[in-house]
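Here is a note for a colleague who is coming to this structure for the first time. The points below are meant to be read with the model open alongside.

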Amino acid sequence: MSALGLIEEGQAGDDPERVREGMSGNLCRCGAYAGITDAVLEATKNLAQSDQRRSA
Amino acid sequence: MKNFDYIRPTSIADAIAAAAEPGAAYLAAGTNLLDLMKGGVTRPDRLVDVTRLPGLDRIEWLPNGGVRIGAMVRNADLAHDVDFARAFPAVAEALLSGASAQLRNAATVGGNLLQRTRCAYFYDTASACNKREPGAGCDARDGENRLHAVLGWSEGCIATHPSDFCVPLVALNARVEIEGRHGRREIALEALHRLPGDTPARENALEPGELIVALSLPAEARTFLAHARYLKVRERTSYAFAVVSAAAALRLEDGAIREARLALGGVAAKPWRASAAEEILAGSRPNPATYREAAKAALADAKPSGDNAFKIELAERIIVRALTLAAAGTPARIAALPASPFSSVSGALHVA
């Protein structure tokens with residue numbers, strides 16, 4: 001949920017540090033583990049690409 | 001948890017009438033108050049929910065160039081308002097350095113101003129605390145007090161005000177609009193929070209039932225927008241209160257400091273305006289020697305209240321660093337780690 005909010009707000013872009021900062025504060029401290037940060041970055045990219053395809 | 005009445009008035013007048021009863025407390029987002037109630041630290045008989053009051057959730061630009069922010073504007077909405085962040089970058093940076101994204105989405109402007117200290121002895125109902133129970137004593141004096149106040153504290157209380165937001169606000173001469181049974185009044189934010197003295201339970205200038213309805217920043221606060229920073233040392237990278245923080249804002253003309261603003265957070269029971277330092281900076285050249293002299297002046301009256309002498313030198317260093325960063329210019333975009341003294345570039349030196 002945090003990741004979706006983060007991607008929708010578009011504050012983090014492709015910057016892993018901004019993703020980690022945006023994901024901090026979750027009850028579980030694993031919110032900014034490397035695998036999760038990578039997943040958020042990948043999802044951001046995939047969503048942007050599928051948006052482009054839809055509007056093309 | 002103690003039972004309480006919950007009232008959700010639809011007008012400011014009704015809210016003030018409902019909160020005038022003894023034992024009443026205003027509830028905004030509740031990011032602090034609900035925790036306090038669950039822990040039995042505060043035990044209100046009646047909660048007056050102000051989140052549905054009309055007209056308090058707007059950011060209004062005034063004809064004179066100032067801005068008026070409704071008390072129910074959420075921290076995140078204010079920090080991400082493009083016009084606001086451009087005009088008052090240190091305030092936006094301070095907001096984004098506080099709490100977490102989820103909390104910033106809920107927490108309000110008025111609630112931030114009135115949040116309580118995070119002193120662990122205030123929260124622990126088994127400990128003596130003059131703030132929670134006047135006359136009980138202060139267990140922080142002989143306790144874990146390395147994060148407590150170094151300025152303006154008293155024998156009765158050494159707690160600090162935890163807000164980041166308030167630090168640049170007090171530097172920029174923010175004002176607070178207050179409504180009560182006898183109408184509306186306005187005071188400087190600097191006059192809102194009180195030092196503990198002999199009455200640490202009396203934390204602010206509000207009379208019973210008075211409600212903060214708005215906060216305003218004057219037009220002249222925008223003249224610092226090109227050189228304004230907030231810097232905050234935390235015990236972990238993110239999601240932590242300040243050990244020490246500083247807001248620095250400069251107006252540079254012809255290579256000299258025409259006017260300076262400086263305030264500290266995490267050092268006292270109120271956001272601490274460093275006026276003596278501002279006077280030293282005004283008219284001086286922006287260089288490290290000037291910054292160090294200003295920092296010494298800002299902490300001239302500081303004294304440790306426990307195992308926290310380190311905070312005095314830390315505050316001096318944070319002032320020098322904040323002034324250096326402010327003089328270098330407000331960055332085009334707020335850093336990935338807002339207000340952090342640490343570089344987000346891996347391998348960079350943190351102590352340069």
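How much area is buried between chain A and chain B, and what percentage of that area do carbon and sulfur atoms give?

1. Please keep in mind throughout that this is a predicted model. In this model, the area buried between chain A and chain B is about 1,100 Å², and carbon and sulfur atoms give 38% of that area. On the side of chain A, the residues that lose the most area to chain B are A:Glu17, A:Arg18 and A:Glu21, which together account for 53% of what that side buries.

2. The contact between the two chains draws on eleven residues from chain A and 15 residues from chain B.

3. Turning to chain A by itself, the chain has three helices and zero strands, and its pattern, read along the sequence, is α-α-α. Taken along the principal axes, the box filled by the C-alpha atoms of chain A is roughly 40 × 20 × 15 Å.

4. The crossing in which α1(A) passes α2(A) is right-handed. Here A:Ser2, A:Ala3 and A:Leu6 of α1(A) meet A:Val19, A:Gly22 and A:Met23 of α2(A), and by class this contact has four nonpolar, two polar and no charged residues.

5. The axes of α1(A) and helix α3 (residues 34-55) of chain A come within 10 Å and cross at roughly 50°, which makes α1(A) oblique to α3(A). The crossing of α1(A) past α3(A) is right-handed.

6. How are α2(A) and α3(A) oriented to each other, roughly perpendicular or oblique? Their axes come within 10 Å and cross at roughly 110°, so α2(A) is roughly perpendicular to α3(A). The crossing of this pair, in which α2(A) passes α3(A), is right-handed. The contact is made by A:Pro16, A:Val19, A:Arg20 and A:Met23 on the side of α2(A), and by A:Ile36, A:Thr37, A:Val40 and A:Leu41 on the side of α3(A). By class, this contact has six nonpolar residues, one polar residue and one charged residue.

7. Over all chains, the structure holds 25 salt bridges. One of them joins B:Glu155 to B:Arg141, with the closest N and O atoms 2.6 Å apart. Both B:Glu155 and B:Arg141 lie in the loop between α8 (120-123) and α9 (166-171) of chain B, so the pair ties together parts that are 14 residues apart in sequence.

Notes. Residues are numbered from 1 along each chain as its sequence is written. Chains are lettered from A and ligands numbered from 1 in the order in which they are written. This is a predicted model: local features need pLDDT of at least 70, side-chain atom pairs count only at pLDDT 80 or more; totals for chains, interfaces and linings use all residues. Side-chain values use heavy atoms; hydrogens and water are left out. A crossing is left-handed if the near helix is turned anticlockwise from the far one by less than a right angle, and right-handed if clockwise. Helices (H or I, at least four residues) and strands (E, at least two) are DSSP runs, numbered from the N terminus. Contact means heavy atoms within 4.5 Å. Ala, Val, Leu, Ile, Met, Phe, Trp, Tyr, Cys and Pro count as nonpolar, Asp, Glu, Lys and Arg as charged, and the others, Gly among them, as polar. Buried area is the accessible area (1.4 Å probe) that two parts lose on being put together, summed over both. Axes are lines fitted to C-alpha atoms, for helices over the stretch in contact, and angles run from 0 to 180 degrees between N-to-C directions. Angles under 35 degrees count as roughly parallel, over 145 as roughly antiparallel, 65 to 115 as roughly perpendicular and the rest as oblique. A salt bridge is a side-chain nitrogen of Lys or Arg within 4 Å of a carboxyl oxygen of Asp or Glu.
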